[in-house]
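Dear colleague,

Please find the structure below.

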Amino acid sequence: MNRVFRRLFSHDTCSRIRYRNHLGLHESRRLLRPSRHVSTAKGPDDDSTRESNWQQRTDLFPQDKSKDFERYPMVTADMLRSRKERPKRVKMLTRDFIEDSLYNPNYGYFSKQVVIFSPGEPFDFHSMRDELEFNRLLGKRYTEFEDKLDGIAPNDTRQLWHTPTELFRPYYGEAIARYLVENYKLSHHPYHDLIIYELGAGNGTLMLNILDHIRDIYPDVYQRTKFKVIEISSALATMQTSQLSRSASSRGHTDHVQIIKRSIFDWQTYVPEQCWVLALEVFDNFAHDSIRYDPFTEEPLQGNVLIDNNGDFYEFYTHEIDPVASRFLRVRSIACSRPFDHPLKGSRILRNLKARLPFAANLTVPEYIPTRLMQFIDILHEYFPHHRLLTSDFHSLPNTIKGYNAPVVQTRYQRRVVPVSTPFVQQGYFDILFPTNFEVIEDIYRAMTGKLTKVSTHESFLKRWAYVEDTQTKSGENPLLSWYKNASVMSTV
């Protein structure tokens, strides 16, 4: 492995998994862990031995970190915002570790690493033979885009990804604009303005495509349109501002746009007006808590992460469930009328028998619960009482790590995607994205807001609101409809 990967993977990323009970700290199976050779003097937190490559470890002689867990301070992602260095000698909840890894202003993934792919000129789908040709042209533009970036500043670990907004520009944004305007005209026009909030606007492409379409097709509505971006990333907020001044056409939108540099979770402004909230591919990067269950008592235990003096990670599970995770479990239990997968689903007798087998784990596999998403719904209900939500995200993902509702954890190296088997990796270098169980979230959203919703597939939503002939190839194949088969759309009705 080369120098960069040694730097990225030089941590005990998913080491000893422990849980606390009345008899002390007990261990379940250790997961895959990277480690390295070290030749430094050993301090109180140093491992005595390390391997040089990835291999499966056993729990026969694990290092005991229980004393460190007792004495290290508990921190949150909010407490780490001002830190420029990744923390050591601390412990935190799993959701705080994920939040810090993705959004820390100084070393977070979205703050420092991400580049959003832009294909340049819109694709001419009518000139393409079929979807295979679209894939080929997309790959070519990807290469050209990254070659241009490498010509300025070579970067083997560039984190580059795309969105449907960029791939299907301007047609995807125009479909969203039609949905917004038609529903606005049915319920609010002409008595209220069309107020749109977009969470995490990326390059600003969707914002411009929506405003262009409304200006060109619905000029009377455009006069009453206000587009407000809520953006946590300073770099992306700067890019969105520059997009508005790039051409005479985009500069015309300046009086209609407000870019608010803030996390939605810091929002404290009451919005009494009718408004739409766009959250497209946002839920997948909301932090989750990790919960495991005792297979015999079915009691939940909450995941914590200990970061030692070397920056290595150790996962602990405790009986003390914090109020946020406890509330989610309670709300889900009350609100959800449809069955959903979780570690305790199935035969209790069979589960107990499996737990008694030799070398069996003493806790279930983890379940990742969307506590941050619940807090987002809280904010909508409290500060945007008259909102209508439009959200799209992945209901399933390939290559997830082990667990229920588990994430994909991956990075890019030399233009290749590198998946790993744990979320406990060096903060800021890995994307951590979760699938969304829309049946569960729909029930919770309805219970918390009192609003009605509709869930549809990504394809059926676009068939309703896009001009699908714009993205049809000569063969009749349509990438706008065939891509993102694993995504769903939820809207307030």
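Residues are numbered from 1 along each chain as its sequence is written, and side-chain values use heavy atoms, with hydrogens and water left out.

Confidence first. pLDDT is the predictor's confidence in each residue, from 0 to 100; its mean over the chain is 88, and 87% of the residues reach 70 or more. Residues 12–61 stay under 50, and for them the model has 142 contacts (heavy atoms within 4.5 Å) beyond four places in sequence. Where pLDDT is low, the predicted coordinates should not be read in detail.

The chain has 17 helices and 19 strands. These are DSSP runs numbered from the N terminus: H or I over at least four residues for helices, E over at least two for strands. Of its 493 residues, 55% count as buried, meaning under 20% relative accessible area with a 1.4 Å probe, protein chains only. Among contacts between residues at least 6 apart in sequence, 74% join residues at least 24 apart.

Next, the cores. A nonpolar core is a set of buried Ala, Val, Leu, Ile, Met, Phe, Trp, Tyr and Cys residues joined through side-chain atoms within 4.5 Å. The largest has 54 residues, of which F168, I176, I210 and I214 touch the most other members. Helix α7 (residues 171–187) gives the most to this core, with nine residues. Leaving aside neighbours within four places in sequence, I210 is in contact with G173, I176, A177, L180, I196, F227 and L278. A second, separate core of 43 residues includes I260, V271, C275 and F283.

Helix α3 (residues 94–103) is largely enclosed by the rest of the structure, because 10 of its 10 residues are buried.

Last, a sheet. Three strands form an open sheet in the order β16-β15-β17, with antiparallel pairing; two strands pair if DSSP finds at least two bridges between them. β16 (416–420) and β17 (431–433) are the edge strands, each pairing on one side only. Strand β15 (residues 408–413) pairs with β17 over three bridges, and V408 stands opposite L433 in β17.

Regards

How values were computed. Predicted model: local features only at pLDDT ≥ 70, side-chain atom pairs only at ≥ 80, totals over all residues. Buried < 20%, exposed > 50% of the residue type's maximum accessible area, 1.4 Å probe, protein only.
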